[in-house]
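Take a look at how the charged side chains pair up in this model. Then turn to the strands and to the contact between the chains.

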Amino acid sequence: LTYFMVAWLRVNTQTILTIATHVITKNHRIGVTHSDHRTWYLHIRDVRESDAGDYMCQINTDPMKSQIGYLEVVVPPDILDYPTSTDMVVREGSNVTLKCAATGTPKPNITWRREGSELITLGNGQEVMSVEGPLLNITRVNRLHMGAYLCIASNGVPPTVSKRIMLIVHFPPMIWIQNQLVGAQEGQEMTLECLSEAFPKSITYWTRDNDETIAEGEKYEPVLLDNAYKMHMKLTIRSVSQEDYGTYKCISKNSLGSTDGSIKLYHIPT
Amino acid sequence: VVEHHPSSYWDQSFSPPYFDNTTKRETTTTVGQSAYLHCKVRNLGDRAVSWIRKRDLHILTVGILTYTNDQRFQSLHSDGTDEWTLKISSPQVRDSGVYECQVSTEPKISLAYTLSVVVSKAKIEGNAELYIKSGSDINLTCIVLETPEPPSFIYWYRGEHVINYSQRGGISVVTEKQTRTSHLLISRALPADSGNYTCAPSTAESASVLVHVLNDYT
């Protein structure tokens, strides 16, 4: 091969890169080396995605001889801000679609999971650990769907990336009462309890027969334990006396509505 | 007054090369007539001008060097000029196609040139064989078809030899370059004028007609 010259070209742009030991292009990332004039190496430093494509090795025989090789450039996945969903707020009972779009080479696979290894409930009621594909459709959303969803993009090129999308479900308050009839002796300490669910979070309070709001004081101690959209309302009445017997109401209100429940405290004679 | 300075290091580094687009980008030539593709690049600096054949990406020339081993291709350039010409000697019909003048900037800049190599043919009007009575005139009209340029000359042959107008009286040849035609008139033809007459233009394939001058026995 001493008499002939080896040239390298970029096929898609039809650009001459090197001829023999000379770099023709002013692309400074290109280099050429050889061993014994037998093997010729084209070097591309700091490879970019745009470098992917066909490269031709050409020998100036008559007729000319050439071979083409393909350079694949892999790119780790990246999740696009658009059209990937941002945090979603929906009414209970409506349908929602979470979207996730990612770039990368090869094309990334999208997997949906819930944070904390919770299961995803599909439209047919089936519960699964994960869902494949860029769209996650949830029909008739309920409060159990509320929480953080992870869109995970992977294509075999590390690192895999994920985005956290909050699904927030709005619904009006509801109240459950375990014991609607409670008896107490005079002088006893008694605790009334209501359970409420609402989102956005409700404000809760207690009232008496005359719709008078019960304030915290020496007599009453309202306590609220809340966990996400669930509220556990307690009202402790210290040293029950004659005037404490009657009907109490626990009330829960949010932007979507209001509801209440009644508990009757009756007298147990000593 | 605008003065022209030779390009300095400053110019080379900061103003990118560009093509002078005034050159002809479509060239037609006939088989065998050398073709010239002219590429003009301003502000070349330390970049190289190359010619490649688009069809198969064959590199032809780089700067003033010829890469291809097809000796018909040659780079013409005079020092200090902006012109880089690709010369294709003895072009053939298969050389027709697109050639690219390429500058080694990143990304490259390029200009495409279309070369058409045509086969130009002469045609003599009338039949391929003529029968003429002795004493009448031989009148032949030759037209050159599909030639990009008018031929610089048209020769007439009888058999192997160029017709010598002075060898006998009564021969006239009228050649018009613009209409690309040539008329041969031989008045009062005799049987000895019989033969194979050929019209041979400088840039086209020749055409022939067989003329028989018949003795009149009636």
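Arg47(B) and Asp46(B) meet through their side chains in a salt bridge, 3.8 Å from N to O. A salt bridge here is a side-chain nitrogen of Lys or Arg within 4 Å of a carboxyl oxygen of Asp or Glu. Arg47(B) counts as buried at 14% relative accessibility. Buried means under 20% relative accessible area, exposed means over 50%, and partly exposed lies in between (1.4 Å probe, protein chains only).

This is a predicted model, in which local features need pLDDT of at least 70, side-chain atom pairs count only at pLDDT 80 or more, and totals for chains, interfaces and linings use all residues. Residues are numbered from 1 along each chain as its sequence is written, chains are lettered from A and ligands numbered from 1 in the order in which they are written, and side-chain values use heavy atoms, with hydrogens and water left out.

**Salt bridges**

Over all chains, the rule counts 19 salt bridges. Several pairs are set out below.

| Pair | N to O distance |
|---|---|
| Arg47(B) and Asp46(B) | 3.8 Å |
| Arg53(B) and Asp56(B) | 2.8 Å |
| Asp209(A) and Arg208(A) | 3.2 Å |
| Lys26(A) and Asp46(B) | 3.4 Å |

In chain A, Arg208(A) is buried at 16%, while Asp209(A) is partly exposed at 47%. Chain B also holds a network of salt bridges that links Asp70(B), Arg72(B), Arg94(B) and Asp95(B).

**Strands of chain B**

Arg53(B) also belongs to the strand story. Its bridge partner in β9(B) is Tyr99(B). Strands are DSSP runs (E, at least two residues), numbered from the N terminus. Two strands pair if DSSP finds at least two bridges between them. Strand β4 of chain B (residues 49-53) runs antiparallel to β9(B), joined by five bridges.

How many residues of strand β9 of chain B are buried? Five of its seven, so that the strand (residues 97-103) is mostly covered. β9(B) also pairs with strand β10 of chain B (residues 109-118), antiparallel, over seven bridges. Glu100(B) has Ala112(B) as its bridge partner in β10(B). β9(B) and β10(B) form a hairpin with five residues between them.

**A hairpin in chain A**

β6(A) pairs in the antiparallel sense with strand β7 of chain A (residues 65-71) over seven bridges. Ile59(A) stands opposite Lys65(A) in β7(A). Five residues link β6(A) to β7(A) in a hairpin.

**Where the chains meet**

Contact means heavy atoms within 4.5 Å. Chain A gives 23 residues to it and chain B gives 21 residues. About 1,800 Å² is buried between chain A and chain B, with 56% from carbon and sulfur atoms. Buried area is the accessible area (1.4 Å probe) that two parts lose on being put together, summed over both. Gln14(A), Ile16(A) and Lys26(A) supply 34% of the area that chain A buries against chain B, more than any other three residues.

Lys26(A) bridges to Asp46(B). On the side of chain A that touches chain B, the elements giving two or more residues are β1 (6-10), β2 (15-19) and β6 (53-59).

Key
Helix = DSSP H or I, 4+ residues; strand = E, 2+ residues; numbered from the N terminus.
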